[in-house]
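Visitor: Take me through this model, please, and tell me how you know each thing you say.

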Amino acid sequence: MSEKRHAVHNGRIIDEKDAVLPITLREVQSNFSVYEALRVIEGHVVHLGDHVRRLEESAAVIHLPLSKVDWQKEIDALIEKDHIVDATMRILVVGTKEPLWFITWSTLLTYPDSYYREGVDVTTYKGERFLPQCKTGNLLLNYLSREEASRQGAFEALLVDDEGLIREGSRSNFYIIKGNVLTTAPDDTVLDGVTRISVLRAARELGYSIEYRRPEKSEIFSADSSFISSTSMGAMPIKAVDGERCPMDRDKVAAICALVRKWERE
């Protein structure tokens with residue numbers, strides 16, 4: 001990788017330090033933006049078509065004008081410029097009169113093997129994502145819930161709606177496994193993550209049926225296992241909720257995660 005990082009701004013490769021937004025613009029102040037986080041593995045971006053489709057869908061819902069961009073070409077140019085092998089990459093589009101868009105990258109986000117072997121602690125947090133099907137820049141709820149989880153020594157926060165049902169995590173999707181049934185919230189109530197699509201595909205291939213509903217917290221403790229997923233996490237088992245130990249079948253979750261990661265390299 002290059003010692004000096006670069007970014008792409010509206011089709012031009014620039015120094016990363018120059019990837020900034022004009023704070024006087026109302027659209028910037030209002031966070032009128034959409035984004036996608038991607039994984040680059042061995043110099044190739046993973047599931048780019050799925051990410052671009054979601055970027056376009058998110059932009060359409062909030063009426064953000066999206067320029068016609070050859071994202072593959074722009075990403076490949078940045079990969080070549082900085083000799084990127086493995087990385088976490090981010091596309092950000094701000095909906096000004098002439099949309100501003102950036103591609104930036106950072107060291108590939110990974111987690112210790114112990115998280116997958118021993119599971120992680122999560123907390124619950126009262127709140128629902130704004131426009132759950134859109135990946136917008138409105139991330140205050142996500143930030144506050146994750147900070148509260150961190151103060152309690154937990155890895156992630158599960159968002160609980162007004163009916164007391166779990167929808168998703170602050171940065172992840174959420175699932176429960178019981179017998180041969182995998183339960184997860186309906187698509188229209190959560191951010192339907194690109195990795196979530198792979199998780200559900202993997203579950204079906206492993207013989208699970210999918211039940212789309214928002215589970216209660218109590219169901220976690222009568223299930224075989226529960227887990228979270230995201231682009232960076234893959235599929236990660238949960239070992240405790242709000243400080244209370246819960247059932248965890250790491251082998252079942254690991255089998256799903258293995259397929260998700262396998263498909264990323266195809």
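Guide: Let's start with a pair of residues: H9 stands opposite F102 in β6. Everything here comes from a predicted model, in which local features need pLDDT of at least 70 and side-chain atom pairs count only at pLDDT 80 or more, while totals for chains, interfaces and linings use all residues. Residues are numbered from 1 along each chain as its sequence is written, and side-chain values use heavy atoms, with hydrogens and water left out.

Visitor: How do you know that β1 and β6 pair?

Guide: Two strands pair if DSSP finds at least two bridges between them. β1 and β6 have two bridges, in the antiparallel sense, so they meet that cut-off.

Visitor: And what makes something a strand or a helix in the first place?

Guide: Both are DSSP runs, numbered from the N terminus: helices are H or I with at least four residues, strands are E with at least two.

Visitor: What makes β3 and β5 partners?

Guide: Eight bridges join β3 (residues 33-41) to β5 (residues 87-94), and the two run antiparallel. Along the way, L38 stands opposite M89 in β5. β5 is also joined to β6 by eight bridges, again antiparallel; there A87 has T107 as its bridge partner. Five residues sit between β5 and β6 in their hairpin.

Visitor: Why are β2 and β4 called edge strands?

Guide: The open sheet has six strands in the order β2-β1-β6-β5-β3-β4, with antiparallel pairing. β2 (12-15) and β4 (44-45) each pair on one side only.

Visitor: Which helix lies across those strands?

Guide: Helix α3 (residues 71-82) does, lying across β1, β2, β3, β4, β5 and β6 and running at about 40° to β6. Contact here is heavy atoms within 4.5 Å. The angle is between N-to-C directions, on a scale from 0 to 180 degrees, with axes fitted to C-alpha atoms (for helices, over the stretch in contact).

Visitor: Why is one space called a pocket and another a cavity?

Guide: Rolling a probe the size of a water molecule over the atoms shows where empty space is left. On a 1 Å grid over the protein atoms alone, a cavity is a set of points where a 1.4 Å probe fits but cannot get out; a pocket is an open set with protein on both sides within 12 Å along at least five of seven lines, and lining residues have an atom within 4 Å of a point. Points are joined across faces, edges and corners, and the volume is the space filled by probe spheres set on them.

The largest pocket holds about 660 Å³. It has 34 lining residues, and the closest to its centre are Y35, A37, K135, R171 and S230. β3 gives the most, with four residues.

Visitor: What makes up the lining of the second largest pocket?

Guide: That pocket is about 220 Å³, and α2 gives the most to its lining, with five residues. By class there are three nonpolar, one polar and six charged residues. Ala, Val, Leu, Ile, Met, Phe, Trp, Tyr, Cys and Pro count as nonpolar, Asp, Glu, Lys and Arg as charged, and the others, Gly among them, as polar.

The search also finds one cavity of 30 Å³ or more.
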